[in-house]
Amino acid sequence: MAEGKDNGQGRFVSAQAVAERAGVSRSAVSRAFTPGASIAPGTLARVHEAATALGYQVNDLARGLLANRSRLIGLVTSDADSPFRAQMIAALSQALIERSNVPAIINIGTTAEDIANASQQLLRYRAEATVFLSGSPPESLVEITRRNGQPLILINRAETGLDSVHCDDRDGAQQAFEALSLTGASRFAVINKEDPSPSLAAREQAFAGFAVASGFKPSIVRAGHSDYDGGQEAARRLLASGPAPDALFCVNDLMAFGALDHLRQAGLRVPDDVSVIGFDDVPIAAWTSYRLTTLRQDPHRIAKEVVSILDRRIADPDSPPVSVYFPVELVVRETVKVRHQRSTGEIGIQVDGL
C-alpha cells in the first residue's frame with residue numbers, strides 16, 4: 001500500500017522507497033516509525049535520513065485500519081458557525097491534534113435525513129470516540145453511537161451513564177443575579193429560546209430561582225432561536241409586555257447582542273436605564289459597540305477536560321462515568337451599572353481591561 005507524503009507528481013512516497021534509499025528492509029522502516037519497536041540505532045538513523053530526503057510521512061490512516069484504531073474523534077454539533085461553538089470546536093481540534101488524533105467535525109441539521117446521515121458518518125469511519133457538543137444533536141443520535149460501542153463524551157449536556165463536562169450554569173446565574181442586584185434593580189428579566197437546551201434551561205431556572213428567593217418576580221420571555229435575531233425578538237416581546245426591566249439576564253451572548261440593539265433602538269440607555277448580562281464571553285462581547293458584561297466559559301479548559309476523560313476512558317473502558325464541572329467567571333464591562341464598586345471583589349468578578 002502506498003503511503004507517505006505526495007512527492008509533487010501526484011503520488012505519495014512509499015515506505016518501500018524509503019527502504020530502498022536507506023538500504024534496509026520494508027519492515028525496518030515500519031519499526032523505525034513505531035514507538036518502542038526494536039531497531040538498531042544505525043538503522044534508525046539511515047531510515048530517518050532517507051525519509052527526510054524523500055519527504056516521507058507515515059500513513060496513520062492505513063496504520064489505524066490495520067490496528068483497528070482509526071485515531072478519528074467525532075465532534076458532533078449543530079450551529080457550528082455560532083461564535084462560542086466555533087471557539088469550542090477550534091479548542092477541541094487543537095487539543096485532539098496535540099493528542100495525535102484527527103478531529104472529524106459533523107455539523108448536523110434538524111431533519112430526520114440530516115440525523116441519519118450523521119449517524120452513518122459516525123459509524124462508517126469507526127471513530128475512536130465521539131464528543132457531543134451542547135445544542136441540538138438529539139438523544140437518539142447519542143444512543144445509536146452508544147450502542148455501537150464508541151466512548152462518548154458530552155459537553156454541557158447529561159445523558160445518563162455517560163462521561164460529561166459542564167460549565168457551572170447555576171453558579172454563573174448566581175453571579176449574574178448578584179451583579180445585577182448591586183445596581184439597585186427591582187425589575188428583573190430573563191430572555192431565552194423556546195425549547196432550550198438543558199444548559200440554557202438551567203441558567204434560566206437558576207437565575208429565576210435566585211430572584212424569587214430575594215423577593216422579586218422576574219419576567220421570562222422566550223424567542224424562537226438563541227441567536228441575534230432571537231435576542232431582538234425576545235427584547236421586543238419583553239418591552240411590549242409591560243414596564244421595561246432595569247436588569248436583564250440573557251442566557252447567551254448572541255441573544256444579549258440582539259437585545260442590546262433593540263433596547264437602544266427603543267430609546268433605553270444601557271446601563272443607565274437597564275443593565276444587561278450575557279453568557280459565554282465570545283470575542284464580540286469585547287467590541288466597542290457592545291462592551292458586554294458576561295460570564296466567561298474557557299473553551300481551552302473544556303477541551304483539556306475532554307482529553308483527560310478520553311485518556312481515562314480508553315485506558316479503562318469499564319470505569320464508572322464521570323461528570324466534571326468547571327467554574328465560569330463574571331467579566332464586567334460597560335453594560336452593568338455598578339453602584340457599589342467596592343463590593344465587586346466579593347463575588348469574584350473580573351473587570352475587563354484592568
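Author: Happy to! One term first: a salt bridge here is a side-chain nitrogen of Lys or Arg within 4 Å of a carboxyl oxygen of Asp or Glu. With that in hand, R71, R99, E128 and D311 are linked in a network of salt bridges. Keep in mind that this is a predicted model.

Reader: Good to know. How many salt bridges does the structure hold?

Author: The count is 16 salt bridges.

Reader: Pick one for me. What does E194 meet in a salt bridge?

Author: Its partner is R237, at 3.4 Å from N to O. E194 sits in the loop between β6 (188-193) and α9, while R237 belongs to helix α10 (residues 228-240), so the bridge ties together parts that are 43 residues apart in sequence.

Reader: And E194, is that buried or exposed, or something in between?

Author: E194 counts as partly exposed, because its relative accessibility is 39%. R237 is partly exposed too, with a relative accessible area of 38%.

Reader: Which other salt bridge does R237 make, with E233 in mind?

Author: The side chains of R237 and E233 meet at 2.5 Å, N to O. Both residues lie in helix α10, four residues apart, which is about one turn of the helix.

Reader: Nice. Let's switch to the strands. What is the order in the open sheet?

Author: There are six strands, in the order β2-β1-β3-β4-β5-β11, and the pairing is parallel. At the edges are β2 (102-107) and β11 (323-326), each of which pairs on one side only. From one strand to the next, the twist averages 20°.

Reader: How many bridges join β1 to β2?

Author: Six bridges join strand β1 (residues 72-77) to β2, and the two run parallel.

Reader: Which strands does helix α12 lie across?

Author: Helix α12 (residues 299-315) lies across β1, β3 (129-132), β4 (152-155), β5 (163-167) and β11. It runs at about 165° to β5.

Reader: What about the inside? Which residues have the most contacts in the largest nonpolar core?

Author: They are L92, V131, F207, L248, F249, V276 and I277, in a core of 71 residues. A second, separate core has 14 residues, including A15, I39, V47 and A50.

Reader: Let me click on V131. What is V131 in contact with, sequence neighbours aside?

Author: Leaving out neighbours within four places in sequence, V131 is in contact with I73, G74, L75, V76, L92, I153, I155 and V306.

Reader: Jumping topics: where is V336 found?

Author: V336 is in the loop between β12 (329-332) and β13 (350-351). V336 is buried, because its relative accessible area is 7% and the cut-off for buried is under 20%. Beyond its neighbours within four places in sequence, V336 is in contact with residues including A179, L180, P271, V276 and T293.

Reader: How far apart are V336 and D272?

Author: They are 64 residues apart in sequence and 8.3 Å apart in space, C-alpha to C-alpha. D272 is partly exposed, at 43% relative accessible area. D272 also forms a salt bridge with R269, with the closest N and O atoms 4.0 Å apart.

Reader: You mentioned P271. Where is P271 found?

Author: P271 is in the loop between α11 (253-265) and β9 (275-280). The peptide bond from V270 to P271 is cis, with omega near 10°.

Reader: Where is R291 found, and is R291 buried or exposed?

Author: R291 is in the loop between β9 and β10 (293-296). At 16% relative accessibility, R291 counts as buried.

Reader: One last stop: is E204 buried or exposed?

Author: E204 counts as buried, with 6% relative accessibility. E204 is found in helix α9 (residues 198-213). Neighbours within four places in sequence aside, E204 is in contact with V190, N192, I220, R222 and V251.

Note on methods
Residues numbered from 1 in each chain as written. Predicted model: local features only at pLDDT ≥ 70, side-chain atom pairs only at ≥ 80, totals over all residues. Heavy atoms only, no water. Pairing = 2+ DSSP bridges. Axes fitted to C-alpha atoms, helices over the stretch in contact; angles between N-to-C directions. Contact = heavy atoms within 4.5 Å. Buried < 20%, exposed > 50% of the residue type's maximum accessible area, 1.4 Å probe, protein only. Core = buried A, V, L, I, M, F, W, Y, C linked by side-chain atoms within 4.5 Å.
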